[in-house]
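Here is a walk through a protein and DNA model, one piece at a time. Keep the structure open beside the text and follow along.

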Number of protein chains: 2
Amino acid sequence: MARDRQDRPAPLTSAVFHVLVALADEERHGYALLKAVEAQTDGTVRLSTGTLYGIINRLLADGAIADRTARDGKRVYRLTPLGREMARAEADRLEAVVAAARATRALARRSPA
Amino acid sequence: MARDRQDRPAPLTSAVFHVLVALADEERHGYALLKAVEAQTDGTVRLSTGTLYGIINRLLADGAIADRTARDGKRVYRLTPLGREMARAEADRLEAVVAAARATRALARRSPA
DNA sequence: TGACAACATGTCGTCAGGCGACATATCGTT
DNA sequence: AACGATATGTCGCCTGACGACATGTTGTCA
């Protein structure tokens, strides 16, 4: 069941966050999500359809996304306000983690050219 | 086995990255790692010991960290050059993902005061 | 027109990884 | 003496990611 997924500020998995970001500004259908994530990451992150539909079903159950059937029969997904908040919280969290990493000597950004 | 963990730019799990960052500038023993991660994340991320030692053993096997027994008997861990590179790569990756998220209207940073 | 790639949606089994629970032991404080 | 914090570690469960498979449509090119 969906349980307590939305009450914790639990770190989202990388894959879930990618999906949420891909839906941030526009609704997309499944295959378009696959391509959007790939494009967003310069081709480095490629979700398998198994991963994608697992994520979609969980996000739907949690109310983070909603779905709709378009006129051409495609199932399109969009972010709900809850999903937007989850993505926002995760972006904040990641930003803080990266900042912590960059604050160390060993992981500081290389001199920016 | 350790397989091909270092040749792919594979996204690290959140927990693994936290451990690597906690070891960036100074060596620590297990319990100190637990506390360091907690402190780094304002208490939001708490690794269980089960999680921690699983991660430690994998990182040791992969050559991302090395261990040493201190005079007081504590097992202390430190980052190897490989581990540093892994952490760096992950920091770069996360930075790009956050940038992509912030580039959307829905997830843009709130007006910075 | 036939073939093939890209588009599109989905299921299933496996496996790695995270996590809570448990097991010990020491040390400092009250 | 008792208790909580420090300290290290194992075990089993469950979630989630992933590759493989299944199926059908649309577009393009020879």
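**A hairpin to start from**

Let's begin in chain A: β2(A) and β3(A) make a hairpin with five residues between them, and Gly73(A) in the turn has a positive phi of about 90°. Strands here are DSSP runs of E with at least two residues, helices are runs of H or I with at least four, and both are numbered from the N terminus. This is a predicted model, in which local features need pLDDT of at least 70, side-chain atom pairs count only at pLDDT 80 or more, and totals for chains, interfaces and linings use all residues. Residues are numbered from 1 along each chain as its sequence is written, while chains are lettered from A and ligands numbered from 1 in the order in which they are written.

Ile65(A) has Leu79(A) as its bridge partner in β3(A).

Now hop over to chain B. β2(B) and strand β3 (residues 75-79) of chain B also pair in the antiparallel sense, over five bridges, with Ile65(B) opposite Leu79(B). The chain B strands belong to an open sheet of three, ordered β1-β3-β2 with antiparallel pairing. Its edge strands are β1 (28-29) and β2 (65-69) of chain B, each of which pairs on one side only.

Gly63(B) follows α3(B) and has a positive phi, near 80°.

**Two copies, one axis**

How do the two chains relate? Chain B can be laid on chain A with an RMSD of 0.1 Å, by a turn of 179° and a shift of 0.0 Å along the axis. The two copies are thus related as by a two-fold rotation axis.

The contact between them takes 25 residues from chain B and 25 residues from chain A, where contact means C-beta atoms, placed from the backbone, within 7 Å. On the side of chain B that touches chain A, α1 and α4 (81-102) of chain B each supply at least two residues, and α4(B) gives the most, with eleven. By class, this side has 15 nonpolar, four polar and six charged residues. Ala, Val, Leu, Ile, Met, Phe, Trp, Tyr, Cys and Pro count as nonpolar, Asp, Glu, Lys and Arg as charged, and the others, Gly among them, as polar. Since 100% of the interface residues of chain B are also interface residues in chain A, the copies meet through the same surface.

**Around the DNA**

Which residues come nearest to DNA strand D? Of the 20 around it, they are Thr13(A), Gly50(A), His29(B), Gly30(B) and Gly50(B); a residue is near if its C-beta atom, placed from the backbone, lies within 6 Å. The largest share of this surface, six residues, comes from α3(A).

For DNA strand C, the nearest of the 20 residues are His29(A), Gly30(A), Gly50(A), Thr13(B) and Gly50(B). Here α3(B) gives the most, with six residues. The surface near DNA strand C has seven nonpolar, ten polar and three charged residues.

Conventions
Two residues are in contact if their C-beta atoms, placed from the backbone, lie within 7 Å. Copies are superposed by least squares on the C-alpha atoms of residues with pLDDT of at least 70 in both. Two strands pair if DSSP finds at least two bridges between them.
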